[in-house]
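Let's take a friendly walk around a protein chain, from its surface to its strands. Have the sequence and the 3D view ready.

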Amino acid sequence: MSLYFTKDHEWIRVEGDTATVGITDHAQHQLGDIVFAEAPEAGKTLDKGGEAAVVESVKAASDVYAPASGEVVEANPGIADDPSVINSDPEGEGWFFKLRLADPGELDGLMDEAAYRAWVETL
């Protein structure tokens, strides 16, 4: 299992040819209390860097971008029912969707956890 991060504050956890995507703890702290989340439906094709999902908080609305291209194989129904799980467990139960990767090579430009944490410290 490999874990990567984007500069837009998404994380992607890869297991085989499938990846789980969500927003980082830093992102949920910046957003504040999350009141709405919408993940893409299974079967939707996403392009790396394209809009994939939406998250809204009491402070702002934000798009969640696809860290890699592929087909959505599952959306997390829990975030629609209880979006606060994104605040309480953003890098666990608060995941947004699972993606069958079209090109695992697209992950090469993403940061590992140490690089992401160091980058966040500069913000």
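The accessible surface of the chain comes to about 6200 Å², and 45% of that belongs to carbon and sulfur atoms; such areas come from the Shrake-Rupley method with a 1.4 Å probe. This is a predicted model, in which local features need pLDDT of at least 70, side-chain atom pairs count only at pLDDT 80 or more, and totals for chains use all residues. Residues are numbered from 1 along each chain as its sequence is written, and side-chain values use heavy atoms, with hydrogens and water left out.

How much of the chain is buried? Of its 123 residues, 44% count as buried, meaning under 20% relative accessible area. The C-alpha trace spans about 35 × 35 × 20 Å along its principal axes.

Now for the fold. The chain has four helices and nine strands; helices (H or I, at least four residues) and strands (E, at least two) are DSSP runs, numbered from the N terminus. Six strands make an open antiparallel sheet in the order E1-E2-E3-E9-E8-E5. Two strands pair if DSSP finds at least two bridges between them. Here are the edge strands, each pairing on one side only:

| Edge strand | Residues |
|---|---|
| strand E1 | residues 2-5 |
| strand E5 | residues 45-46 |

Elsewhere in the sheet, strand E3 (residues 18-23) and strand E9 (residues 97-101) pair in the antiparallel sense over four bridges. Thr20 stands opposite Lys98 in E9.

Key. Buried means under 20% relative accessible area, exposed over 50%, partly exposed in between (1.4 Å probe, protein chains only).
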